[in-house]
Amino acid sequence: MAVKRRGQASWGVMEVLIAVILLGMSMAIVFYALREFDKTKCVIELKSNTIELQNALLDVALGAPPTTRRVVYKLPACGDTTVEGIRFAYYPTSAFCRICPGQFNGCWIAEPTVYDRRQDKYYRLEDASVCINMPANIDLIPNDAGACRYTNDGFHFNQLPCPPYTLDRTTPYDPASCKKMAPLPQTTDFAGVYEGTSNSAHFSSFGRLNNDPRVVFFTFSKSSQPGVNPQIKICASDKVG
């Protein structure tokens, strides 16, 4: 009888261990699901904020000079994905316009960008990217006004696919290397798309630096001059005004 009781006791311990393991696995699944839910919610909120940028840019693009719009834009950390900037990009070919249904001859896209420290590269967060139905001939340029703290110092905006500096500002991006940073699909010869004058991709890429706040105040202003393409000047600052 004693042997039987020891066997029963051993089996009871095993049951407890199995229950603890199953509980641990269940809790891990729950925590993973919560993290993924929070990340998804964060990306949805980021896309909503990017849509506000889209609406502001579209209003300015369609308005008569000097139309101006302001937007508060947040650069959040969505789980292990940290948004460090945004790229306003025009792509002349449909290969880069897959998120823009019906736009086969080119598209404007507002693209939140993520910085990968290990690879020292920026890439767009496609789930939060938004199409902008602007004419292709509009030029986006950084505003050099004194109130534009993030644009007049030359460290934040670039007319290339990536911002002018890495996040910690230790290394400026080499323009030739930057041109090869294809967003999607990776197999496309992005450098070839970028080159040219009349039908080429063009960009205005904003990149946050390490010490910058994660809230940016964007101001878009339209200007025009005889004989040149309409221009939208982008002012970025850490405060209103």
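A disulfide is a pair of cysteine sulfur atoms within 2.5 Å. This predicted model holds 4 disulfides.

**Cys100 and Cys131**
- The sulfur atoms of this disulfide lie 1.9 Å apart.
- The pair connects distant parts of the chain, 31 residues apart.
- Cys100 sits in the loop between β3 and β4, while Cys131 belongs to strand β6 (residues 130-132).
- Both Cys100 and Cys131 are buried.

**Cys42 and Cys78**
- Cys42 and Cys78 form a disulfide with an S to S distance of 2.1 Å.
- The torsion about their S-S bond is about -65 degrees, so this disulfide is left-handed.
- Distant parts of the chain are linked here: Cys42 is in helix α1 (residues 2-62) and Cys78 is in strand β2 (residues 77-78), 36 residues apart.
- Cys42 counts as buried because its relative accessibility is 13%, and buried means under 20%.
- Cys78 has 1% relative accessibility, so Cys78 counts as buried.

**Cys97 and Cys107**
- A disulfide joins Cys97 to Cys107, with sulfur atoms 2.1 Å apart.
- The S-S torsion is -95 degrees, and the link is left-handed.
- Cys97 lies in the loop between β3 (81-91) and β4 (107-116), and Cys107 lies in strand β4, so the pair ties together parts 10 residues apart in sequence.
- Cys97 counts as buried at 4% relative accessibility.
- Cys107 is buried, with a relative accessible area of 1%.

Key. Residues are numbered from 1 along each chain as its sequence is written. This is a predicted model: local features need pLDDT of at least 70, side-chain atom pairs count only at pLDDT 80 or more; totals for chains, interfaces and linings use all residues. Side-chain values use heavy atoms; hydrogens and water are left out. Helices (H or I, at least four residues) and strands (E, at least two) are DSSP runs, numbered from the N terminus. Buried means under 20% relative accessible area, exposed over 50%, partly exposed in between (1.4 Å probe, protein chains only).
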